[in-house]
Amino acid sequence: MSRHPEVLWAQRSDKVYLTVALPDARDINVKCDPQGLFTFSALGVQGERFDLSLALYGPIVPEGCKTKVGLRNIICSIQKEQKGWWKRILKSEEKPAPYLKVDWNKWCDEDEEESRCKL
């Protein structure tokens, strides 16, 4: 049986950032589909399987998706197909799952992006 890791998200006009909190993960697999489907799978420290599939709000550029693996988490930078602010992270208007949360450390408002939001 697979489990969902905690995922933090933030956005800029051109990118979405997803931080998957999974310390010491192995066999990490990330896929980005042009229609906005983001899939993630990995093994946890005790061999437990973690899977995640998110239908993002808008289309993305698969070649513009970058993944950085750290000791505590996996950071995914996803390029939006069109520059602009999404009104939510997921295509669905339903309340997001409890494992999907806003990353307030990376959060930036539209009107502040140029002046103070750099990653």
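In what sense do strand E1 (residues 6-11) and E2 pair, and over how many bridges? In this predicted model, E1 and E2 pair in the antiparallel sense over 6 bridges. The views below set this pair within its sheet.

**View 1. An open sheet is formed by 5 strands.** The order of the strands is E6-E7-E2-E1-E8, and their pairing is mixed. Strand E6 (60-69) and strand E8 (100-102) are the edge strands, each pairing on one side only. From one strand to the next, the twist averages 25°.

**View 2. A hairpin joins E1 to E2.** Glu6 has Ala21 in E2 as its bridge partner.

**View 3. E2 pairs with E7 in the antiparallel sense.** This pairing extends over 7 bridges. Ala21 stands opposite Asn73 in E7. Ala21 is also the bridge partner of Glu6.

**View 4. Strand E2 (residues 15-21) is largely enclosed by the rest of the structure.** Of the 7 residues of E2, 5 are buried, so the strand is largely enclosed. Buried here means under 20% relative accessible area. In the strand order, E2 stands between E7 and E1.

**View 5. E6 pairs with strand E7 (residues 73-80).** The sense is antiparallel, and the pairing covers 6 bridges. Thr67 stands opposite Cys76 in E7. E6 is an edge strand and pairs on one side only, whereas E7 pairs with E6 and also with E2.

Definitions and conventions: Residues numbered from 1 in each chain as written. Predicted model: local features only at pLDDT ≥ 70, side-chain atom pairs only at ≥ 80, totals over all residues. Heavy atoms only, no water. Pairing = 2+ DSSP bridges. Helix = DSSP H or I, 4+ residues; strand = E, 2+ residues; numbered from the N terminus. Axes fitted to C-alpha atoms, helices over the stretch in contact; angles between N-to-C directions. Buried < 20%, exposed > 50% of the residue type's maximum accessible area, 1.4 Å probe, protein only.
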